Amino acid sequence: MTGLALLIPLALALGLCGLGAFFWAMRGGQFDDMDGSGMRILIEDEE
Amino acid sequence: MTVHRPLSGQPAERTTLAIPGVRCAACIARIEDGLAGVPGIVTARLNVTSKQLSVNHLASLQLPDLIAAVERIGFEAQPLSDAGSKSASKETRDLLRCTAVAGFAAMNVMLLSVSVWSGAAGATRDLFHLLSGAIAIPTVAYAGRPFFRSALAALRRGRTNMDVPVSIGVLLVTALSLFEALTGGPHAYFDGAVMLLFFLLTGRALDSVMRDRARDGVTALVRQTAPGAMVVRADGRSEWVRAEALAPGDRIIVAAGERLAADGLVEQGESAIDRSLLTGEGTPCQVSPGEAVHAGTLNLSAPLTVRVTATGADTGIAEIARLMGEAGQGRSRYVRIADRAARLYAPAVHTLALCSFLLWMVLGAGVHQSLLVAAAVLIITCPCALGLAVPAAQIVAAGSLMRAGVLVKDGSALERLAEADRALFDKTGTLTLGRPDLVNLDAISPEHRPVALALAQASRHPLSRALTRALQDADITAAPVSDLTEEPGFGVRALWGGTAISLGRGDVQDSLSAMLTVGSRPITLHFTDSLRPACAATLQRLKQLGIEASVVSGDNGTSVARALQGLGLTAQTSMKPQDKLDAVARLQRAGHNVLMVGDGLNDGPALAAGNVSMAPASASDVGQNAADAVFLGDSLAPVASAIVAARRSMRVVRQNFVIAIGYNVIAVPLALAGLVTPLVAALAMSGSSIIVVANALRLRSAAQ
């Protein structure tokens, strides 16, 4: 049972990390142009 | 790739342009790199999903310069106003955030619940219940807001919608579970409440994404009536002024091929004016100094100087806008099928829960036990599948329609489209392509075709453009000519190796003809505004669907009769916008659900008044904004396939209702008997939701 004291907070913390990452990505505009982002990989930088 | 250049102290401005032609990675690179080389542009960023280009530029660079810069790169660009799109995409973001939170909570609470179901007991079970509560209660407070808001708004107006039973169910179940958790009871339904929110939010977020996509698509297609005009100041300077900033008394220059941004009187120049967007009449009319011209009309042959007499809300178009405002009110009274279902469903569910509570009380079970049973009834009947039944089907159908070239603006449009039983079509631009096509290419001898192309390219007259298109399609390249001049009211003249050549007005009686003269041999070219492809087949298909069609046109009787030969349609002609509106209202009074298909400004009020309306992508901005759905391409076939898809999606929606309610019929007696544990509730809820979504997925090919 002592394992629970470690595992449950750990599981929740990992879940919250994922949630935080999603919010961060959304605020950063990563979902603004779903089609374009995929295409931009194909553009070669000249520098 | 964003291009950064140091600002040279001047204030930067931000302009958004719609670029409908963007498709691939190469387009992004060409536009962004191309604009990087234009002096005055600080950054340019292209969004492929919404087909919008956002440019940061110095204030000295004006809108026409930006459009010209994009056109030099080889793309068509249209100015966009910034307002509107921001607030709508904010709604989607909000819903996505709520869904993410609910999803996170549902997973973690379920993890704890599974442990309880698999045998955790005593202190461990109580701890898990408390932990679930600690996750679920903030989640319900945060992710439940969209439902609580909508339910409150409905209750305030004395109505009920699907969100009322959802809100009551979630709140009651959460409160009861909290009580259970605190008193060490055996059953807590936190997982049910959170999972319900997650499923419903998924449906709602998808619904919102679909609306955003369709709206972006339509925005990118919109041809603004006239974004602005070149104003000549008293000191001779000229500058670009947006339409809303024009003032009466301004002198504006309208180049050939431009639309007028305001009403006014011609001061200088003679030209032909195309008024089809306003009146539906295809024949251009000649104007000379002193005559009135109207906003929204197209200047065809020569530049005009116009003194502005009325702008914005005072122009002739404003009358149409007023009619549209009034006509649109009827449609807002439409009640969506989910809310109609909720009107019956919500009272039934609440009565049932109350009855079960009273029944168990009478049987002497005690308040706590009776409340638990009532909560189980509420959660089992909570319209999880009902909430998904409609959006899931409509999103899949709308996605299928989008691939087939129909942008449906929202789910309610699909419902109304399915109910249409009478169709009214505009003629010019709707049944016909709204642009002239050359009939007799053979009349031009092969050696004269390059000369004809050189002349046609020099003019923006619709007939010249049609000739250009026909010749380019035949792989002709233009011959070198000299002394090219465009003569207002006549056409284009030039010299070709010493021979005088001209392309000008044809038969005075026939506005759709032109005269090509090489040396001394005149050839008459005939044009026709041809019907859209698949026109007859579509009308036939509509008839099979039980939809009678007829034509309402602003054009005169003879040209309508000539254009619609052989289609077997009845037509009303020479109709003003008000007449079209009356025609729609008359049919509605006779009990019909009217589908209005039209494109012009003059169709705007009728489009807004129809139970449902469609516009081609070539329509005016007013037409596209008023329509519920926009179809792409030349063919008329999408009109019929949209109706078929809408009807199929409604069939699936009804099946989904039956499935969702069928589940309840089985589960409710169990709940009444007090046999529904949180495990049973969770299984029933996810089971019915999955079946409903799977059923909706059958619509993927609905538009084929």
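In chain B of this predicted model, Arg505(B) stands opposite Ala514(B) in strand β20. Arg505(B) belongs to strand β19 (residues 499-505) of chain B, and β20 covers residues 513-518 of chain B.

**Strands of chain B**

Strand β19 of chain B pairs with two strands, β18 and β20. The pairings are listed below.

| Strand pair | Bridges | Direction | Residues standing opposite |
|---|---|---|---|
| β18(B) and β19(B) | six | antiparallel | Val492(B) and Leu503(B) |
| β19(B) and β20(B) | five | antiparallel | Arg505(B) and Ala514(B) |

Strand β18 spans residues 491-496 of chain B. β18(B) and β19(B) form a hairpin with two residues between the strands. In this hairpin, Gly497(B) takes a positive phi near 55°.

**A helix pair in chain B**

Two packed helices are described by the angle between their axes and the distance between the axes. For helix α4 (residues 122-143) and helix α6 (residues 163-182), both of chain B, the axes come within 10 Å and cross at roughly 155°. Because angles over 145 degrees count as roughly antiparallel, α4(B) is roughly antiparallel to α6(B). The crossing of α4(B) past α6(B) is left-handed.

Which residues of α4(B) meet α6(B)? On the α4(B) side they are His129(B), Leu130(B), Gly133(B), Ala136(B), Ile137(B) and Val140(B). Their counterparts in α6(B) are Val170(B), Thr174(B), Ser177(B), Leu178(B), Glu180(B) and Ala181(B). By type, the residues of this contact between α4(B) and α6(B) are seven nonpolar, four polar and one charged.

Technical notes:
Residues are numbered from 1 along each chain as its sequence is written. Chains are lettered from A and ligands numbered from 1 in the order in which they are written. This is a predicted model: local features need pLDDT of at least 70, side-chain atom pairs count only at pLDDT 80 or more; totals for chains, interfaces and linings use all residues. Axes are lines fitted to C-alpha atoms, for helices over the stretch in contact, and angles run from 0 to 180 degrees between N-to-C directions. Helices (H or I, at least four residues) and strands (E, at least two) are DSSP runs, numbered from the N terminus. Angles under 35 degrees count as roughly parallel, over 145 as roughly antiparallel, 65 to 115 as roughly perpendicular and the rest as oblique. A crossing is left-handed if the near helix is turned anticlockwise from the far one by less than a right angle, and right-handed if clockwise. Two residues are in contact if their C-beta atoms, placed from the backbone, lie within 7 Å. Ala, Val, Leu, Ile, Met, Phe, Trp, Tyr, Cys and Pro count as nonpolar, Asp, Glu, Lys and Arg as charged, and the others, Gly among them, as polar. Two strands pair if DSSP finds at least two bridges between them.
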